[in-house]
Each structure stands twice: as structure tokens, then as C-alpha cells.
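User: I am new to this structure and would like to learn how to read its features. Could we go through them one at a time?

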Amino acid sequence: MLGPVILAASRSDKMRKLVSAAPMTKPVVNRFIPGETVDQVVPIVEETVGKGLELTLDVVGEDITTPEQAAHARDAYLELIERLKELGHGTKAEMSVKLSMFGQALEGGHELALANVRPVVEAAAAIGTTVTLDAEDHTTLDSMFAIHEELRKDFPETGCVIQAYLFRTEADARRLAAAGSRVRIVKGAYKEPAEVAYQDKSEIDKAYVRILRILMEGEGYPMIGSHDPRLIAIGQELARRAGRKLDEYEFQMLYGIRSEEHLRLAAEGHRMRVYTAYGTDWYGYFMRRLAEKPANLLFFVRSMITKN
């Protein structure tokens, strides 16, 4: 079982030093995490927007164990928003946040996360952009959806993420596919038990299509998070059948993965948003993505080989 091994490595200072010092580590990390500071990511924002693409920016950070760390995460996003204000790209650059970074797992975490994320959402709205709440493991979702609902009372464009492999998600999609909602659908990357999630890839893909159809036929704004060519094509067809215009949904993919596909979709007139993570805790972020789904390791290796 690779997942627990990789997760253990992500928490090991010895492994951190070993991996960080390896000659091939930095080129791999740089491909998917383009910087550690706001100053380093600003040129990426400018370059991406210049190519006709949009972004959602994630300030990486893991294992928040104190309210002070949660406040630091909040302040990192507020710093990012100040820089985005200077760039003046509006909704071309939004933000994605994980509520665990804002203290969700701490004592009184629901209220703490809401208190920390609200000023970020408020500041984003003030510069004409918005925030999407990322989905984490299934035990956190009721809190995430409750915070999402609360934020939308004052900031209706606040988005959220749903994961196709969870049994609950079709019901969540029906509830969320309402006018004004913004919903990103992904397959799901966390290791979830068979009691709550599909385990077979084909079943996950079928669920993804069913849920995407619900979103496309609803009144909200679907955001298709996938690198799968077949699901991308299906998304285009479902949008066509639902009578959606090209600006009534969008595609989202990770920075550094299938970059040529980003440009192809944009050239066809689609809104294409690149999920771009940055920050000093790249080691924890990178290793945890592998731990969530060890098959990602092969995917990243293939991406390095294909370079697109």
C-alpha cells in the first residue's frame, strides 16, 4: 500500500531533507508548483492570462495545528489578493482554498474556518473576483457545504467543489445546481472507504458523467475539473445538449499538466482555468497529492515524459 508510505514520508523531516536535496526533485516540483512566493507567481499569472487562459490560485499549506497557523494562511491569501488587485485581471484570476488551512480540523474548527475565510472572500469580491472552496475528505464536507451556504448569503459567487466518486455527490449536485451557483466537479483524489465512495474507475467515470449532466441541465455554472480527454468531450456534448453558450461553463486543469490542451480549448472559445498552486510548503503539498492517490505518481511521471 503506497498511500500510507508516502503519507508517512510527507511528515518526515529526514525524508523532506532527502527529497529536497535530490537533483531531480526541483525540476519536477517546478513543473507543477511554479513558485514559493507571490512575487514568483505574479509573472505566471501575467503569462497565463496573456495566453487567453484564466487561473485559480491555491496557496499551499498542510497540517495546520494551531489557530496562529490558520491566521497565517488567511493572511497569505489576503496578500495574494492585494497583488491581484494591482494586476487588474478581475475574474481572470480567482482563488481556491482548503478550509483545513483555515483551522477546520482544530477545536471549534467550523467557526474558526468560517471566521478566517470570510475576510478572504470579502477581499476577493472587492477586487471583482471570487473564491472556490475545495473539497477534502468526506468527513469534512458537511462543514464545507455549511460554510459555503453561509458565505453565499453575502457573496453568492462563492464556489465549491464536489467529488464524483462519493455516493452522496449526486444528491449534492441536485441541491447545488441552482441559479447563481458555481460548482467544480472532479473525480476525487482522497483515499475513501468503500462504504462512502466508488472504488472502480469505470464506476467513478459513470458517476462523473451523471453528475455533470445534472449540473449542465441545472441553472448554475458548472466547472469541469478533469484532464481526461473522454470526459472533456462528453462535457462539451452535454453543454451543447443543454443549450449552454461557451461562457456558461468552463474547464479547469492543473498547472503543468496537458498544457497544450489548455491552449486548444481556449482557442476553441472555451473558458479554460488553470489551477495553480504555490507556496513554501511545496514538499507537503506534493507528497500529499501522491498519498491521496498513489496512481498520481505514474500520472506525474507520464506528464514529465510527454511534456504536454
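Analyst: Let us begin with aspartate 75, which forms a salt bridge with arginine 74, their closest N and O atoms being 3.0 Å apart; a salt bridge here is a side-chain nitrogen of Lys or Arg within 4 Å of a carboxyl oxygen of Asp or Glu. This is a predicted model, in which local features need pLDDT of at least 70 and side-chain atom pairs count only at pLDDT 80 or more, while totals for chains, interfaces and linings use all residues. Residues are numbered from 1 along each chain as its sequence is written, and side-chain values use heavy atoms, with hydrogens and water left out.

User: Which residue forms a salt bridge with glutamate 261?

Analyst: Its partner is arginine 264, with the closest N and O atoms 2.7 Å apart. Glutamate 261 is buried, at 10% relative accessible area, whereas arginine 264 is partly exposed, at 34%. Arginine 264 also meets glutamate 268 in a salt bridge (2.6 Å, N to O).

User: How many strands does the closed barrel have?

Analyst: In general, strands of a sheet pair through backbone hydrogen bonds, either parallel or antiparallel. Here the closed barrel has eight strands, running from β1 to β8 with parallel pairing; strands are DSSP runs (E, at least two residues), numbered from the N terminus, and two of them pair if DSSP finds at least two bridges between them.

Terms used:
Helices (H or I, at least four residues) and strands (E, at least two) are DSSP runs, numbered from the N terminus. Buried means under 20% relative accessible area, exposed over 50%, partly exposed in between (1.4 Å probe, protein chains only).
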